[in-house]
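I opened the model to look up a few helix and strand contacts. My entries follow in the order I made them.

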Amino acid sequence: MSRRKPAPAGKTVALVGNPNVGKSTVFNGLTGLNQHTGNWPGKTVALAQGRLTIAGETYRLVDLPGTYTLAGSAGEERVTLEFIASGEADCVVIVCDATALERNLILAQQVMQRQDKAVLCLNLMDEAERGNIHIDRAGLEKALGIPVVATAAGSGKGLDRLKAAIARACRQPGRPNRLPLTATTAQYIAWAEEVTEKTVLRGRSAYHLRQLRLDRLLTGKGLGIPLLLLLLLAVIWLTISGANYPSQVLKWGFDWVQARLAAWLSGLPWYVTGPLLDGVYATVARVIAVMLPPMAIFFPLFTLLEDVGYLPRVAFVLDRGLSRCGACGKQALTMCMGLGCNAVGVTGCRIIDSPRERLIAVVTNGFLPCNGRFPTLILLGSIFFGGGGFLGALTVTALIALGTGAAMAASWLLSRTILRGQPSAFVLELPPFRKPRVGQILVRSLTDRTLLVARRAALVAAPAGLLTWCLGAATWNGRSLLAWGAALLEPVGRALGMDGAIALSFLLALPANELFLPVLTMLLTGGVGLGPELEQTGPLLLGAGWSWPTAMCVMIFVVLHWPCGTTLATIVRETGKRRWAVLAAVLPTAIGAGICLLITALLR
């Protein structure tokens with residue numbers, strides 16, 4: 001996530017640590033920046049920077065990517081190692097998970113070998129206390145030779161003491177390290193075990209027993225996948241149930257504003273008011289009214305699962321299947337991100353170390369329906385499959401499962417053809433389940449996800465709406481260019497179980513998937529306006545000859561067709577090659593078209 005570059009500061013302080021130790025939460029607590037803090041490994045892949053003021057002196061604080069070691073070749077390890085080795089940091093804060101100190105000390109020792117001024121931050125002390133874990137802080141300081149500060153960054157406890165320790169460390173001379181730079185892995189492990197044995201006392205805890213039982217339930221071979229599907233079904237059902245009324249309210253509000261604008265601009269010619277009101281404004285209003293309420297429900301629910309620590313369990317459950325497909329288990333995390341936005345999912349593929357497996361994840365992320373496709377799926381599922389209730393949610397969930405299965409099948413095909421190779425192993429830490437921070441989730445989901453995606457969709461919808469209006473207003477031989485385009489695509493649409501108007505709507509919705517419904521209603525009404533009210537969409541589609549097989553083919557193709565233009569541009573930027581974007585568009589479209597052709601042939 002890009003942030004405004006902070007003003008110049010004096011000394012530089014770096015934050016390092018294993019994934020999922022609360023490092024970004026410490027960063028936010030120290031700087032006040034609202035950086036996204038997901039509760040799953042590998043989330044941070046860039047350098048976030050902020051300002052930290054202590055006793056009137058300003059420091060530059062740099063949040064380095066989470067990594068388990070500095071000895072490997074992964075991207076996160078290289079970035080962290082290069083920054084520390086550069087000598088740019090005047091002090092390094094090593095953030096450790098107090099509940100898993102032994103594992104964290106391996107990285108701490110490697111950092112201390114390269115940086116003579118350091119502070120150890122024992123974070124998540126609240127979880128350690130619940131788990132009946134006691135740490136001898138004075139003994140740990142003696143063993144390490146650096147200051148040790150206990151914190152619970154989520155609640156802000158201990159951050160003032162950490163600031164004071166940072167200021168002291170920057171002023172004092174550096175201290176020598178205890179292990180040589182060329183120490184072996186066995187030496188690191190032996191040293192970490194020795195220090196932990198002397199300074200950590202673990203008691204028996206009902207808290208850890210509950211954690212183990214939950215993990216056995218959610219990641220077990222028998223119940224892992226069914227529980228995942230049930231949870232996804234619940235999220236989709238809540239989204240469908242809660243989004244209808246807010247959409248109606250927004251639509252009413254936008255219509256009221258449009259009527260006032262039309263009255264105010266009534267003196268202007270139609271070729272001015274038409275493009276502005278019926279093209280740009282009406283399309284943007286329809287996109288926002290349809291997509292904003294589902295996003296405002298889906299994103300907080302999705303972030304809630306992320307915050308409590310469920311998403312790493314999803315990766316664990318799907319890892320076996322992805323490995324058999326020649327892919328990496330981390331791809332499951334990027335697939336989850338794709339449910340919100342495929343462009344974000346493609347960017348998130350940076351967490352995958354293997355270039356081959358990263359390309360597989362990038363090319364197949366578009367198989368997962370993003371938030372822009374949900375309004376169409378939800379609306380059609382409500383109209384044709386269950387009246388908007390449980391059956392509608394079940395239909396949408398089944399289509400998401402279809403997209404997931406198709407993504408895994410495509411991964412298998414790629415790993416055995418142009419991207420052949422053996423799947424790599426990866427370390428996945430299952431973090432403890434944590435109490436969700438509901439207030440932060442709501443704010444973060446609204447600002448970092450919902451409004452951000454809505455803004456991007458509106459920016460894309462405005463020129464697309466103008467183009468669509470122009471195509472609808474321009475005529476040739478008594479028919480609009482939209483009608484001519486639909487007629488030209490009629491054979492293709494019929495072969496896929498749809499019609500020409502639907503096929504043209506898919507093509508014109510390339511800039512943003514949210515445009516599909518507005519363009520389709522514009523075509524079906526034969527006008528250049530937005531189309532009917534939301535509650536009239538069902539009768540409009542039925543009047544146009546739609547049946548449940550038509551709706552099924554459309555919903556399948558909504559899931560399995562080319563990603564939006566933003567996602568394709570992101571693929572080009574991430575891979576540096578246009579051919580991967582072309583492949584990412586062709587693969588899902590070919591599979592979706594094949595399924596639709598099969599359904600049409602069987603129902604004839």
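**Entry 1: a helix pair**

I looked up H15 and helix H23 (residues 548-559) and found that their axes come within 10 Å and cross at roughly 160 degrees. That makes H15 roughly antiparallel to H23, a label for angles over 145 degrees, with under 35 degrees counting as roughly parallel, 65 to 115 as roughly perpendicular and the rest as oblique. Axes here are lines fitted to C-alpha atoms, for helices over the stretch in contact, and angles run from 0 to 180 degrees between N-to-C directions. Helices (H or I, at least four residues) and strands (E, at least two) are DSSP runs, numbered from the N terminus.

I then listed the contact, meaning heavy atoms within 4.5 Å. Thr376, Leu377, Leu380, Gly381 and Phe384 in H15 meet Trp548, Ala551, Val554, Met555, Val558 and Val559 in H23. By class, the contact of H15 with H23 holds nine nonpolar, two polar and no charged residues. Nonpolar covers Ala, Val, Leu, Ile, Met, Phe, Trp, Tyr, Cys and Pro, charged covers Asp, Glu, Lys and Arg, and the others, Gly among them, are polar.

**Entry 2: source notes**

I noted that this is a predicted model, in which local features need pLDDT of at least 70 and side-chain atom pairs count only at pLDDT 80 or more, while totals for chains, interfaces and linings use all residues. Residues are numbered from 1 along each chain as its sequence is written, and side-chain values use heavy atoms, with hydrogens and water left out.

**Entry 3: an enclosed helix**

How many residues of helix H12 (residues 331-340) are buried? I found 10 of the 10 buried, so H12 is largely enclosed by the rest of the structure. Buried means under 20% relative accessible area, exposed over 50%, partly exposed in between (1.4 Å probe, protein chains only). The buried residues of H12 pack against helix H10 (270-308), helix H11 (311-324), helix H13 (342-348), helix H14 (355-364), helix H15 (374-384) and helix H16 (390-415).

**Entry 4: a strand and its partners**

I found six of the seven residues of strand S1 (residues 11-17) buried, so S1 is largely enclosed by the rest of the structure. S1 pairs with strand S3 (residues 57-63) in the parallel sense over five bridges, pairing requiring at least two bridges found by DSSP. Lys11 stands opposite Tyr59 in S3. S1 also runs parallel to strand S4 (residues 91-97), joined by five bridges, and Gly17 stands opposite Val95 in S4.

**Entry 5: a loop residue**

I placed Lys221 in the loop between helix H8 (206-219) and helix H9 (224-264). Lys221 is exposed, with a relative accessible area of 70%. Lys221 and Val317 are 96 residues apart in sequence and 7.9 Å apart in space, C-alpha to C-alpha.
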